[in-house]
Amino acid sequence: MDVVAAVIASQGHACGHGGRTLSPAEEERAAADAASTVRSAVVAANRRINALNRQRGFAEGRGMGTTLVGLWRVPGTGRVVVFHAGDSRLYRLRHGELRLLTRDHSLYQVWLDNGRRGQAPQRNIIVRALGTGEQVEPDIAVHDLQPDDLYLLCSDGLTGIVPEGLIQRILTQQPPSAAEDVCTRLIDLANGAGGPDNITLILARFVLLPA
């Protein structure tokens with residue numbers, strides 16, 4: 001993640017627009033440039049992890065690997081770039097509706113896509129990750145951004161245990177709780193249900209600051 005963040009940060013500073021409002025065409029170009037930057041950052045991170053695996057004598061497809069999920073607000077625009085590899089997920093809560101913005105790179109998802117034919121594979125077998133091969137192709141998408149959008153980035157240690165409906169109820173509870181308290185409650189729910197896997201999550205809310 002340090003490699004991804006460093007590449008994005010360097011490009012983000014270079015893409016500043018002096019605070020002026022961009023035209024729709026300029027926003028489209030900025031979003032496309034941001035998506036390209038994200039892809040370069042993920043590829044760089046993959047190469048570094050894969051190189052460490054090779055240095056340690058691991059064969060292709062072996063050694064360290066990691067899933068990845070992230071988002072980046074495109075500087076000067078009302079757009080966000082969403083990117084991922086593996087089965088870590090990103091959800092957006094908008095106007096009380098929880099929507100999954102990523103699609104798992106897992107054998108189980110392949111099984112679902114193929115009409116559930118045959119025996120269901122284990123949910124935790126992933127078909128894409130950083131580090132296990134020389135090449136990786138992250139899924140990257142650009143979404144519009146609205147004030148008060150709430151984003152949940154999380155590992156499958158949460159979503160594999162806690163149902164989406166329950167996650168939505170917790171995120172939409174009134175009055176709203178502090179983000180730290182919500183994170184703690186979700187982690188406690190996953191641990192209380194057995195907590196068989198790493199449980200990592202981030203909550204991010206976008207707010208419109210007064211001029």
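Trainee: Cys154: buried or exposed?
Mentor: Cys154 is buried, at 2% relative accessible area. Buried means under 20%, exposed over 50%, partly exposed in between, with a 1.4 Å probe and protein chains only. Mind the source: this is a predicted model, where local features need pLDDT of at least 70, side-chain atom pairs count only at pLDDT 80 or more, and totals for chains, interfaces and linings use all residues. Residues are numbered from 1 along each chain as its sequence is written, and side-chain values use heavy atoms, leaving out hydrogens and water.

Trainee: And Cys183, buried or exposed?
Mentor: Cys183 counts as buried, at 16% relative accessibility.

Trainee: Switching to helices. At what angle do H5 and H6 pack?
Mentor: H5 (residues 164–171) and H6 (residues 179–192) pack at about 155 degrees, axes 10 Å apart. Helices are DSSP runs of H or I, at least four residues, and strands are E runs of at least two, numbered from the N terminus. Axes are lines fitted to C-alpha atoms, for helices over the stretch in contact, and angles run from 0 to 180 degrees between N-to-C directions. So H5 is roughly antiparallel to H6; that label takes angles over 145 degrees.

Trainee: Which residues meet there?
Mentor: From H5, Leu166, Ile167, Ile170 and Leu171. From H6, Val182, Arg185, Leu186 and Leu189. Contact means heavy atoms within 4.5 Å.

Methods: Parallel < 35°, antiparallel > 145°, perpendicular 65-115°, else oblique.
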